[in-house]
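Q: Please take a close look at one part of this model, the aromatic cluster and its surroundings.

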Amino acid sequence: MDCIFLLIITSIINGYRPQFQNALLEMFGLKPYVMCFCWYVSFYIMLMLIFPCYVKLLKIRNSYTWDISISIVFYLGIQLLIKEAEKMDKYNIISAVSIYLPVAIIGYLFAKYNVLNRMRDTIQNAFGFYSIVGFLLICSALVLHGMKSYIGGISIGIVVVPILMEGIAFTKINLVKWFRKILLVLGENSMNIWFLHCIFFN
């Protein structure tokens, strides 16, 4: 309902008149006529199609070296397919897969091996002032993201996101009651806040 409400407002303000074909393309993230900020929809759909194959390959063996090797081979294999598919990609979906797939792979491996919590525990034992360390990590992530968005055609998020998440975990800001309440409210309404882009940026 929220999406429909925002679509109506956008149509009135910007004079947009939705057509069935355009609405269908936009539903699958192929052509963002209205929600230009939803570039990730087509990437998400592609990820849901190819990622189960990656996960099944990882489950063949249970070891760090196997997972890393499969991850590299899988990414390189997808890259080879991408070079051929780009010739037929009139909606520019493939380029997003090329850029952000490594971020998804690293995220999956970090979750599987609980890397962030292990890093936090290691640094927490080494430093008594880990909240300061967390603040420095957050600042570092923001500076890195501001300096460069891509390295060699790959999103800098592969480095920035883990550092940022680790920094937030270290600061323990969620333990402050009033700040925790603010985060909960923002979290509950985050999608609606995100969709407000539709009014201001279209």
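Which residues do ring pairs link into a cluster?

A: Ring pairs link Phe51, Tyr54, Phe74 and Tyr108 into a cluster. The model is predicted, so local features need pLDDT of at least 70 and side-chain atom pairs count only at pLDDT 80 or more, while totals for chains, interfaces and linings use all residues. Residues are numbered from 1 along each chain as its sequence is written, and side-chain values use heavy atoms, with hydrogens and water left out.

Rings of Phe, Tyr and Trp (its six-membered ring) pair if their centres lie within 6.5 Å; planes under 30 degrees apart count as stacked, over 60 as edge-to-face and the rest as tilted. By this rule the count comes to 6 aromatic pairs. One of them joins Tyr54 and Phe74, whose ring centres are 5.1 Å apart with planes at 40°, so the pair is tilted. This pair links distant parts of the chain, 20 residues apart: Tyr54 belongs to helix α3 (residues 40-58) and Phe74 to helix α4 (residues 64-85). Helices here are DSSP runs (H or I, at least four residues), numbered from the N terminus.

Relative accessible area under 20% is buried, over 50% exposed, and in between partly exposed (1.4 Å probe, protein chains only). Tyr54 has 0% relative accessibility and therefore counts as buried. Phe74, at 11%, also counts as buried. Contact means heavy atoms within 4.5 Å. Leaving aside residues up to four places away in sequence, Phe74 touches Ile50, Tyr54, Leu57, Leu101 and Ile105.

Ser71 is found in helix α4 as well. With 7% relative accessibility, Ser71 counts as buried. Its contacts, again not counting residues up to four places away in sequence, are Tyr54, Leu58, Ile105 and Leu109.

Of its 22 residues, Phe51, Tyr54, Phe74, Ile78, Val97, Leu101 and Ile105 touch the most other members. Helices α3, α4 and α5 each supply at least two residues of this core, and α5 gives the most, with 9 residues.

Beyond α5 (94-112), the loop between that helix and α6 (115-126) holds Asn114. Asn114 is not a glycine, yet has a positive phi of about 55°. At 38% relative accessibility, Asn114 counts as partly exposed.

Definitions and conventions
A nonpolar core is a set of buried Ala, Val, Leu, Ile, Met, Phe, Trp, Tyr and Cys residues joined through side-chain atoms within 4.5 Å.
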